[in-house]
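Trainee: Please take one part of this model and go through it closely. I would like a connected account.

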Amino acid sequence: MREFKRTDRVADQLQKELAVLIQREVKDPRLGMVTVSGVTVSRDLGYSDVYVTLLGEQEPERIKENLQVLKRSSGFLRSQIAKRIKLRHVPELRFHFDESVVRGQQLSSLIDEAVTTDRARYQDEGDDQDTDTEQSEETR
């Protein structure tokens with residue numbers, strides 16, 4: 001049995017090439033700082049879903065605008081990929097916003113907040129126990 005499927009290898013190569021192409025070749029001023037966070041390719045290599053994140057862009061309107069720019073440049077990107085990768089058929093590119101990074105940041109901040117409140121609560125309980133032991137020592 002093979003260690004990696006062909007679709008996985010193609011997806012990895014597409015991710016590398018798209019990251020470079022979007023950064024260096026797409027000259028649209030509306031496009032922000034785009035990072036290709038993942039690519040999945042269909043079994044027949046007909047379609048590829050490209051997941052992107054946008055640095056500093058959390059507004060739905062800006063996200064939609066960036067995705068439109070990428071969608072419009074997909075033909076150009078496919079032609080550039082065809083020159084760089086040996087494939088009979090370059091998959092059609094479908095761009096999606098990857099919310100996992102934003103969601104991960106939200107969860108991380110919630111965890112940090114919970115840890116901080118737990119530490120504060122633990123310190124308050126420790127202070128209460130210290131005063132209880134001091135009072136019991138004084139009564140002896």
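Mentor: Contact here means heavy atoms within 4.5 Å. Keep in mind that this is a predicted model.

I22 sits in helix α1. With a relative accessible area of 5%, I22 counts as buried, because the cut-off for buried is under 20%. Leave aside the neighbours of I22 within four places in sequence. Its contacts are then L31, V34, V36, L70, L77 and F95. Take L70 from that list. I22 and L70 are 48 residues apart in sequence, yet their C-alpha atoms are 8.4 Å apart in space.

Now the core. The largest nonpolar core has 27 residues. I22 is among those with the most contacts inside it, along with V50, L77, I81 and F95. Six elements need naming here: α1 (6–24), β1 (34–41), β2 (47–54), α2 (60–72), α3 (74–84) and β3 (92–97) each give two or more residues to this core. α1 gives the most, with six residues.

Next, the helix partner. The axes of α1 and α3 come within 10 Å and cross at roughly 125°. That angle makes α1 oblique to α3. The crossing is right-handed. On the α1 side, the contact is made by L14, E17, L18, V20, L21 and I22. On the α3 side, L77, Q80, I81 and R84 make it.

β1 and β2 run antiparallel, joined by seven bridges. T35 stands opposite T53 in β2. The hairpin of β1 and β2 has five residues between the strands, and L45 there takes a positive phi near 60°. β2 and β3 pair in the parallel sense over six bridges. F97 in β3 is the bridge partner of V52.

Beyond four places in sequence, V50 is in contact with L18, V36, G38, V39, L93, R94, F95 and H96. V36 and F95 are also among the contacts of I22.

Note on methods. Residues numbered from 1 in each chain as written. Predicted model: local features only at pLDDT ≥ 70, side-chain atom pairs only at ≥ 80, totals over all residues. Heavy atoms only, no water. Core = buried A, V, L, I, M, F, W, Y, C linked by side-chain atoms within 4.5 Å. Buried < 20%, exposed > 50% of the residue type's maximum accessible area, 1.4 Å probe, protein only. Helix = DSSP H or I, 4+ residues; strand = E, 2+ residues; numbered from the N terminus. Pairing = 2+ DSSP bridges. Axes fitted to C-alpha atoms, helices over the stretch in contact; angles between N-to-C directions. Parallel < 35°, antiparallel > 145°, perpendicular 65-115°, else oblique. Left-handed = near helix turned anticlockwise from the far one by under 90°.
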